[in-house]
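Reader: I am new to this structure and would like to see how its descriptions are reached. Please take the terms one by one.

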Amino acid sequence: MLPWLSLLLLFLPLLLIIAVKRRQGQLQPPGPPQLPVIGNLHHIGKLPHQTLWKLSQKYGPVMFLQLGRVPTVIVSSPETAKQVLKVHDIHCCSRPLSEGTRKLSYDHLDVAFSPFDDYWKEVRKICVQELFSTQRVHSFQPIRDEVIQKLIDSISESASTNSLVNLSQKLMSLTASLTCKASFGMSFQGSKIDNDRFQMLVHEALQMLGSYSASDFFPLVGWIFDWFTGLHRRREKIVGDLDAFYEEMIDLHLQENRQGDEDFVDVLLKLEREQAALGNAQITRNHSKAILMDILLAGIDTSAISMTWAMTELVRNPRVMKKVQAEIRNQIGENARVRFENVNELKYLKMVIKETWRLHPPSPLLIPREVMSEFQINGYTIYPKTRLQVNLWGMGRDPNVWKDPEEFLPERFMDGSIDAKGQSFELLPFGSGRRICPGILMGSVMVETALANLLYHFDWKLPDGMAVQDIDIEEAPGLTVYKRTPLELVPVRF
Ligand code: HEM
């Protein structure tokens with residue numbers, strides 16, 4: 001044993017020197033100068049996608065930042081996004097483990113990690129079959145009809161009194177009800193947490209995931225820092241409240257006299273029981289709750305944000321508003337309700353939505369990935385454990401990619417050559433590759449159907465005294481990017 005140990009001690013410095021030399025021989029992507037200890041943390045700013053885009057214009061589409069102890073690479077062109085998400089997907093399709101995600105995922109039991117283990121494959125398969133397949137999304141039509149009708153009725157009431165409608169809030173409430181009904185098969189009726197509180201919790205959880213916390217970059221010192229700033233307490237509270245909500249929903253499903261069709265929670269509970277009976281408890285109660293957390297956090301606000309920005313851009317661009325309303329009204333005629341099957345014919349509406357996602361991708365830096373094995377982009381070496389982010393927001397506004405990028409011009413998608421489903425790397429609202437959003441169909445159908453109804457049933461006016469140029473288009477920080485101030489408009493019944 002001792003000779004081996006001495007041999008190891010003798011060669012260890014040599015091995016270290018070889019490793020350092022090897023790294024020195026390989027190129028690291030360029031990036032802004034770093035400060036001691038914090039590296040580039042001071043460069044991040046309140047809206048990281050915006051500050052990072054400015055820096056990328058100086059340092060190029062593959063940019064290196066040292067965020068505390070975490071090496072980070074930001075890619076910001078369609079070509080480099082393709083390298084990361086398609087060509088080298090297999091080397092970087094893991095998610096980094098952070099303090100925020102640990103809490104929100106019941107110690108990383110959710111679908112987000114370990115893309116190669118059997119558990120991940122199993123869970124993704126269940127989610128796709130039970131929630132995201134075309135057949136399931138079709139089967140949610142009655143739920144969509146019911147929830148959208150409620151929205152139309154409540155907006156009609158405001159229209160009858162010429163009152164303002166807070167569309168940001170209404171749309172968030174719509175997607176929360178739809179996603180919860182599709183997953184839990186029930187609404188908030190009777191729950192201790194009502195729809196408003198639930199939306200607030202989802203919003204806070206996403207803000208927490210999107211904000212950079214000290215413990216992610218400086219393990220021990222950062223933890224103490226977060227404790228002093230109260231971040232830990234806030235996290236505990238949000239996770240505790242969401243957990244209580246899931247427990248309550250699960251208890252309702254476990255009641256013996258429960259009525260209604262089998263829904264997603266029933267499927268998870270059945271799996272728990274089957275696996276426990278076989279003595280192979282891969283899916284426990286905490287796994288089920290972690291999966292529900294993923295679906296609700298990922299599904300609710302992305303769709304609401306898409307619709308809010310679309311309505312914002314439409315009122316800012318009356319020509320486009322008129323054209324899209326004419327298309328919908330001509331197509332639907334007297335039908336009085338736009339349904340899933342009508343939406344395929346609404347070509348201009350689809351272009352409006354793509355144009356909205358170009359300027360306002362709900363998740364502007366995608367969800368961070370972590371490199372698992374070394375690879376190269378544009379001649380630069382990217383090492384394991386590096387955090388990777390794709391700046392969709394910057395790519396959507398790049399004049400090298402888009403003509404007149406600041407203009408809201410849905411016609412740019414007229415020839416249909418650019419899709420939004422992960423194949424066209426200039427427009428990636430759902431990401432691409434192994435980690436592509438599994439809820440693409442559910443999300444798109446929700447956004448298209450609800451928007452079509454809002455535009456069919458109502459004309460939309462700005463509040464008295466407000467002009468188009470007064471509309472606030474500032475963004476709020478977070479993993480997903482809301483409009484900073486709520487969109488408030490006056491509906492006029494068509
Ligand atoms: C317009 C609506 C939506 C948009 C724009 C959107 C966008 C995204 C994006 C950008 C990602 C990250 C992809 C990546 O990192 O490459 C993602 C992941 C995810 N989305 Fe969506 N999403 C939407 C709707 C939904 C819905 C309705 C659900 C479920 C009900 C959902 C569930 C998920 C899940 C579970 C993930 C994590 C996938 C993984 O890490 O493997 N999304 N979504």
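Reader: What share of the contacts with a separation of 6 or more comes from residues 24 or more positions apart?

Author: In this predicted model, such residues account for 74% of those contacts in the protein chain. A contact here means heavy atoms within 4.5 Å.

Reader: How many helices and strands does the protein chain have, and what percentage of the residues is buried?

Author: The chain has 19 helices and nine strands. Of its 494 residues, 55% are buried.

Reader: What makes helix 14 largely enclosed?

Author: Helix 14 has 32 residues, and 26 of them are buried, so the rest of the structure largely encloses this helix. A residue is buried when its relative accessible area is under 20%.

Reader: Why are helix 12 and helix 13 called roughly perpendicular?

Author: The axes of helix 12 (residues 231-254) and helix 13 (residues 264-277) cross at roughly 75 degrees and come within 10 Å. Angles of 65 to 115 degrees count as roughly perpendicular, and the two helices are therefore described that way. On the side of helix 12, the contact is made by Ile250, His253 and Leu254; helix 13 contributes Val265, Asp266, Leu269 and Arg273. By class, these are four nonpolar, one polar and two charged residues.

Reader: Is asparagine 162 buried or exposed, and why?

Author: Asparagine 162 has 51% relative accessibility, so it counts as exposed, the cut-off being over 50%. This residue is in the loop between helix 7 (141-160) and strand 3 (165-166). Most residues other than glycine have a negative phi.

Reader: Is leucine 366 buried or exposed, and why?

Author: Leucine 366 counts as buried because its relative accessibility is 12%, and the limit is under 20%. Its loop runs between helix 17 (347-359) and strand 4 (369-370). Leucine 366 also has a positive phi, about 50 degrees.

Reader: What makes Cys437 a donor to the iron atom of the ligand?

Author: The SG atom of Cys437 is 2.3 Å away from the iron, and a donor must lie within 2.8 Å. Cys437 is the single donor from the protein. Cysteine 437 sits in the loop between helix 18 (392-396) and helix 19 (440-457).

Key:
Residues numbered from 1 in each chain as written. Predicted model: local features only at pLDDT ≥ 70, side-chain atom pairs only at ≥ 80, totals over all residues. Heavy atoms only, no water. Donors = N, O, S within 2.8 Å, 3.2 Å for Na, K, Ca; no water. Helix = DSSP H or I, 4+ residues; strand = E, 2+ residues; numbered from the N terminus. Buried < 20%, exposed > 50% of the residue type's maximum accessible area, 1.4 Å probe, protein only. Axes fitted to C-alpha atoms, helices over the stretch in contact; angles between N-to-C directions. Parallel < 35°, antiparallel > 145°, perpendicular 65-115°, else oblique. Nonpolar A, V, L, I, M, F, W, Y, C, P; charged D, E, K, R; others polar.
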